[in-house]
Amino acid sequence: MKKRYGLEAVASGRRKFILRIIIIIAAIFLLSFLPVFCYKFIHDKILKLDSVSAMYDNWNKHTLEGYKKVYQISTDLLESNPLHNTALTFKGYSSFMLAESETESTQAQLYLNESIFNLRKSLQNCDKKSIPQIKFMLGRAYFYKNKASSYHYYAELVIKYLEEAVELKYESDSIPLMLGLSYAQLGEKEKSIQAFSEALLVRETDTLLFDIAKQYFDMDQKVSKQYLARVLDVSSNEKILKEAHYLLGQIYINEENYEQSEKEFDTMLEMDKNSADAHYGLGLLYEKQGNVIKARDEWKKCLRFQFNHSEALKKMDNVM
């Protein structure tokens, strides 16, 4: 009996000894690797903090190189954490700035797509203070994307995000002009004119004056004529000047002031003897006066200089 108890005591002692050895080995293991884990954890935290600080610093430089660095840092952060909201926001901003400076249209579109994707994603979890600016940047990104589209696919989204930004009290001198152009693309002339008029209070430009004149052309040609006269006074841009003379020529035809209308189209030809629009306008003038032969000759000249002039082609089809 004593022998059995003695064997059990020996076995128990061995188990305790083995347990102590395991505990000692585990302790040595932890002591060996804990500093490594601590270092990595602290290093990653500091690195992320440094990265966020670096994004702010480079963004505030307002240079192309700074935007490129912001783009790269935000991309690196998102690889390790796809939901890093600050990185999403900065990647959206920097992508837009790189798109704006890009001369190659395909690459610019890729940057704009990245900008829109990241800004919309950041909008889901950002703090309330950031929402107005992110919505403004989204409207701005869609506006530039829309400029590259022949069919104005994104005008409604431009208006949506810019108006939401305005409702949240965000202010930018560029908003009225972007809204005016977007409303114009959708054919909402009254809203376009209202936005353009607000833009005029910020800064009067020949382009803006001409855009307003175009919107008034179908609504009130007397007002349109006043804006066009202002364009002719202030502009030195030959393209805008020719377009202003062309609209004025059409207005004078509608007013049956044929002499002044002819002067407008002749002025266009003095500026550019190969102006297809000038010959088309003269054709309209002669048609209104009942001289179909001279009108047809002018439309033929128009097509000689611009073979695909849609309005001249329609007129020639009607004459034939």
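**Legends to close-up views**

**View 1. Lys-169 lies in the loop that runs between helix H6 (155-167) and helix H7 (175-185).** Helices and strands here are DSSP runs numbered from the N terminus (H or I over at least four residues for helices, E over at least two for strands). The model is predicted, so that local features need pLDDT of at least 70 and side-chain atom pairs count only at pLDDT 80 or more, while totals for chains, interfaces and linings use all residues. Residues are numbered from 1 along each chain as its sequence is written, and side-chain values use heavy atoms, with hydrogens and water left out. Although Lys-169 is not a glycine, its phi is positive, at about 75°. Lys-169 counts as exposed, with 72% relative accessibility (buried is under 20% relative accessible area, exposed over 50% and partly exposed in between, for a 1.4 Å probe and protein chains only).

**View 2. His-62 occupies the loop between helix H1 (2-59) and H2.** The phi of His-62 is near 55°, which is a positive value in a residue other than glycine. His-62 is exposed, its relative accessible area being 55%. Most residues other than glycine have a negative phi.

**View 3. Asp-76 is placed in helix H2 (residues 64-80).** With a relative accessible area of 39%, Asp-76 is partly exposed. Asp-76 and Ser-51 are 25 residues apart along the chain, and their C-alpha atoms are separated by 9.2 Å.

**View 4. Thr-89, in helix H3 (residues 85-101), counts as buried at 12% relative accessibility.** Once its neighbours within four places in sequence are left aside, Thr-89 is in contact (heavy atoms within 4.5 Å) with Leu-119, Ser-122 and Ile-134.

**View 5. Helix H4 (residues 105-122) and helix H5 (residues 131-147) have axes that come within 10 Å and cross at roughly 155°.** Axes are lines fitted to C-alpha atoms, for helices over the stretch in contact, with angles from 0 to 180 degrees between N-to-C directions. H4 and H5 are therefore roughly antiparallel to each other (over 145 degrees; under 35 counts as roughly parallel, 65 to 115 as roughly perpendicular and the rest as oblique). On the H4 side, Gln-109, Leu-112, Asn-113, Ser-115, Ile-116, Leu-119, Arg-120 and Ser-122 meet Ile-134, Met-137, Leu-138, Ala-141, Tyr-142, Tyr-144 and Lys-145 of H5.

**View 6. The axes of helix H11 (residues 238-254) and helix H13 (residues 276-288) cross at roughly 0° and come within 10 Å.** H11 and H13 are therefore roughly parallel to each other. H11 contributes Tyr-246, Gln-250, Ile-253 and Asn-254 to the contact, whereas H13 contributes Asp-277, Tyr-280, Gly-281, Leu-284, Leu-285 and Lys-288.

**View 7. The chain as a whole contains 15 helices and zero strands, and its mean pLDDT is 87.** The value pLDDT is the predictor's confidence in each residue, from 0 to 100, and 83% of the residues in the chain reach 70 or more. Over residues 1-5 the pLDDT is below 50, and this stretch has zero contacts in the model beyond near neighbours in sequence. Over residues 36-49 pLDDT likewise stays under 50, and the model has two contacts for them beyond four places in sequence. Where pLDDT is low, the predicted coordinates should not be read in detail. Of the 320 residues of the chain, 38% count as buried. Among contacts in the chain between residues at least 6 apart in sequence, those joining residues at least 24 apart make up 46%.
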